[in-house]
Amino acid sequence: MLLAVLFVLAFFAAGLSDYLETKYVLAVHSNAPRKAALCSVGMWAIGALGLLAIIEVSPWIVLPEGLGMYLGTVLAMRRP
């Protein structure tokens, strides 16, 4: 049960990380340094936690992370 919860958390965390990465690229392109820096710090924090989860819990966490990253990019690229 705990592993399933971690998989769901990894999915949403990776989705948020990839959303931030897409917004980071757009912020750099728009010359918005503060927004780009905040996105960068968020990506770093989520990536560090994701790496720890892969090492300490299960390497299978990469599967929901990959799906979350796909969804994060799709959501970030949507037009408002």
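Residues are numbered from 1 along each chain as its sequence is written, and side-chain values rest on heavy atoms, with hydrogens and water left out. Because the model is predicted, local features need pLDDT of at least 70 and side-chain atom pairs count only at pLDDT 80 or more, while totals for chains, interfaces and linings use all residues.

The protein has 3 helices and 0 strands, where helices (H or I, at least four residues) and strands (E, at least two) are DSSP runs numbered from the N terminus. Read along the sequence, this gives the pattern α-α-α. The C-alpha trace spans about 45 × 25 × 15 Å along its principal axes. Of the 80 residues in the protein, 26% are buried; here buried means under 20% relative accessible area, exposed over 50%, and partly exposed in between (1.4 Å probe, protein chains only).

Turning to helix packing, H1 and H2 meet at an angle of about 155°, and their axes lie 8 Å apart. That makes H1 roughly antiparallel to H2. Axes here are lines fitted to C-alpha atoms, for helices over the stretch in contact, and angles run from 0 to 180 degrees between N-to-C directions. Angles under 35 degrees count as roughly parallel, over 145 as roughly antiparallel, 65 to 115 as roughly perpendicular and the rest as oblique. For H1 and H3, the axes come within 7 Å and cross at roughly 40°, and the two helices are therefore oblique to each other. The crossing of H1 and H2 is left-handed, whereas H1 passes H3 in a right-handed crossing. A crossing is left-handed if the near helix is turned anticlockwise from the far one by less than a right angle, and right-handed if clockwise.

Next comes the open space between the atoms. Rolling a probe the size of a water molecule over the atoms shows where empty space is left. The largest pocket has a volume of about 250 Å³. A pocket is an open set of points on a 1 Å grid over the protein atoms alone, with protein on both sides within 12 Å along at least five of seven lines, and lining residues have an atom within 4 Å of a point. Grid points are joined across faces, edges and corners, and the volume is the space filled by probe spheres set on the points. The lining of this pocket comprises 16 residues, of which Ala10, Ala13, Leu49, Gly50 and Glu65 lie nearest its centre. H1, H2 and H3 (62-77) each supply at least two lining residues, and the largest share, 7 residues, comes from H2. By class, the lining has 12 nonpolar, 3 polar and 1 charged residues; Ala, Val, Leu, Ile, Met, Phe, Trp, Tyr, Cys and Pro count as nonpolar, Asp, Glu, Lys and Arg as charged, and the others, Gly among them, as polar.

Valine 25 lies in helix H1 and is partly exposed at 48% relative accessibility. The C-alpha atoms of valine 25 and cysteine 39 are 9.2 Å apart, for a sequence separation of 14 residues. In the loop between H1 (2-29) and H2 sits asparagine 31, which is exposed with a relative accessible area of 66%. The phi of asparagine 31 is near 60°, a positive value in a residue other than glycine. Glycine 47 belongs to H2 (residues 33-56) and is partly exposed, at 40% relative accessible area. A C-alpha separation of 9.9 Å is found between glycine 47 and aspartate 18, which are 29 residues apart along the chain.

Note on methods. On a 1 Å grid over the protein atoms alone, a cavity is a set of points where a 1.4 Å probe fits but cannot get out, and a pocket is an open set with protein on both sides within 12 Å along at least five of seven lines; lining residues have an atom within 4 Å of a point.
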